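This report goes through one structure part by part. Keep the sequence and the 3D view open while reading.

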Amino acid sequence: MKLDTSGFETSMPVIGFGSNSEMLDGVSSVPSFDLPRTTDFDGFQKKSVEMVKPAKGTTTLAFIFKEGVMVAADSRASMGGYISSQSVKKIIEINPYMLGSMAGGSADCQFWHRNLGIKCRLHELANKRRISVSGASKLLANMLYSYRGMGLSVGTMIAGWDETGPGLYYVDNEGGRLKGDRFSVGSGSPYAYGVLDSGYKFDMSIEEASELARRSIYHATFRDGASGGVASVYHVGPQGWTKLSGDDVGELHYHYYPVAPATAEHVMEEAA
Amino acid sequence: MTKQHANWSPYDNNGGTCVAIAGSDYCVIAADTRMSTGYSILSRDYSKIHKLADKAVLSSSGFQADVKALQKVLKSRHLIYQHQHNKQMSCPAMAQLLSNTLYFKRFFPYYAFNVLGGLDEEGKGCVFTYDAVGSYERVGYGAQGSGSTLIMPFLDNQLKSPSPLLLPKQDSNTPLSEAEAVDLVKTVFASATERDIYTGDKLEIMILKADGIKTELMDLRKD
């Protein structure tokens, strides 16, 4: 019986004459990338990163509880001090029962999550069963490890439900992979952790958990300039994921902290 | 001994601004025609807009040599697609192709800031906005290039619609008519030309509809 070893074939990328490989060709082995012909690769990468200024700054979080996995994120993308978008999808739907969160370089996260989705599908076709969360996260971690030191910026959480129940893994561009039941990634994560850790109980209902996730993202967007936009909350259960809420954080602010009615005698009226 | 750094950079910035607005059954793609390097103007009549398919038009600012190379790659990939599938590529398909093309040069990027405009499979206008390494998003309107930071806040003010991420889902179509959108684009470029040295000379506007593409040219300040 031939075992599926495509996940093991991660070698250093082919340097030089770009063999313009099709997307599908490049999946079982590492896609080949054109590399600049320079003696100072690190300096060049540093300068090109400054030039490209990939979107960074974000708040994402995920936690396991009694009813499954809750995943939440903001939607702001910033390039330096400029907000390049307020509507970025940071929770990527890898397949109907697995989600990936995006933090770091958005191009890196988008591309590698899509690549992971392809690999998961190929695994399903080759093995006639779904890939486990552990397996999917390992595929991603191994892929990122082979590009270690080349300047990729990926801080992602893979959340899903497989035969062993709910699964949550943190994977980053260093090739690190951690199993856990509570994670928050991004520039707003300290704020999110504060709210998340103090409100967390394993025995929460789905409503309580989604409210906790939403509130944690809101507080992070309030204090972190690089986070904002829309707070999205997803739930992963045994039947797959569902999107529970998407709320503008500006409006959430007044939902949590309503303005007390004015007691001034003269009230400014808005021009009709 | 301090490290020797390269005195030559493979990149240059030729400036310019690109804007696209998506409507219910049209798409407006506009760009100025000034090509500069440093403080010099190389051309007052250089088109930054390129038709990739019947329903997909690409507009890019940044380093025009990289833009030209990118256009060539996309054009040849589209031709192969047409041979293999006996039809033109749709705009969302072209959007993904562009994203992958950009990402395959992740470690030696195309210095191109792109806006892709066109009509989707349902005939509605669509605009996709990119960063230099391929991260993309479908939006109702977008601006890239040297004047983008001047133009985007104004477009947000005039066109901002509920985010597609909101639940319950709210309609995020630009309510403008085609004539209003073209007018808005002209206004926006006139203002950007006032305050951005790299934007000016002429404005090229392409209006993409189901029955074809119309092009319009408008003069901008030449100073």
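A salt bridge is a side-chain nitrogen of Lys or Arg within 4 Å of a carboxyl oxygen of Asp or Glu. The structure shown here is a predicted model.

## Salt bridges in chain B

Side chains of opposite charge can pair when their charged atoms come close. B:Asp201 and B:Arg44 form such a salt bridge, with 2.5 Å from N to O. B:Asp201 is buried, with a relative accessibility of 0%, whereas B:Arg44 is partly exposed at 40%.

A salt bridge also joins the side chains of B:Lys186 and B:Glu216, at 2.7 Å from N to O. B:Lys186 is partly exposed at 23% relative accessibility, and B:Glu216 is partly exposed at 29%. Another pair is B:Arg221 with B:Asp223, whose side chains meet at 2.6 Å from N to O. B:Arg221 counts as partly exposed, with a relative accessible area of 43%, while B:Asp223 counts as exposed, with 60%.

Over all chains, the search finds 20 salt bridges. In chain A, salt bridges link A:Glu211, A:Arg214 and A:Asp247 in a network.

## Chain A in outline

Chain A has 272 residues, and 52% of them count as buried. Its secondary structure consists of 7 helices and 12 strands. Among contacts in chain A with a separation of 6 or more, 62% are between residues 24 or more positions apart.

## Where the two chains meet

Across the same interface of chain A and chain B, 11 residue pairs are in polar contact.

## One side of a helix in chain B

Helix α3 of chain B covers residues 148-159. Which of its residues are buried? They are B:Ser148, B:Ile151, B:Met152, B:Leu155 and B:Leu159. These residues cover an arc of only 100° around the axis, which puts them on the same side of α3(B). An α-helix has 3.6 residues a turn, so residues three or four places apart point the same way.

What do the buried residues of α3(B) pack against? In chain A, they pack against β4 (82-85). In chain B, they pack against β1 (17-22), β10 (141-145) and α4 (178-195).

A disulfide requires two cysteine sulfur atoms within 2.5 Å. A:Cys109 is in no disulfide, as the nearest cysteine sulfur, that of A:Cys120, is 16 Å away. A:Cys109 is buried, with a relative accessibility of 1%.

B:Cys126 is in no disulfide either; the nearest cysteine sulfur belongs to B:Cys91 and is 3.6 Å away. B:Cys126 is buried at 0% relative accessibility.

## Around B:Asp120

B:Cys126 is also one of the residues that B:Asp120 touches, the others being B:Pro92 and B:Arg138, not counting residues up to four places away in sequence. B:Asp120 is in the loop between β7 (112-119) and β8 (125-130) of chain B. Is B:Asp120 buried or exposed? With a relative accessibility of 10%, B:Asp120 counts as buried. Its side chain makes a polar contact of 3.1 Å with the side chain of B:Arg138.

Terms used: Residues numbered from 1 in each chain as written. Chains lettered and ligands numbered in written order. Predicted model: local features only at pLDDT ≥ 70, side-chain atom pairs only at ≥ 80, totals over all residues. Heavy atoms only, no water. Buried < 20%, exposed > 50% of the residue type's maximum accessible area, 1.4 Å probe, protein only. Helix = DSSP H or I, 4+ residues; strand = E, 2+ residues; numbered from the N terminus. Arc of directions from axis to C-beta. Contact = heavy atoms within 4.5 Å. Polar contact = N/O pair within 3.5 Å; in protein donor to acceptor, adjacent residues only side chain to side chain.
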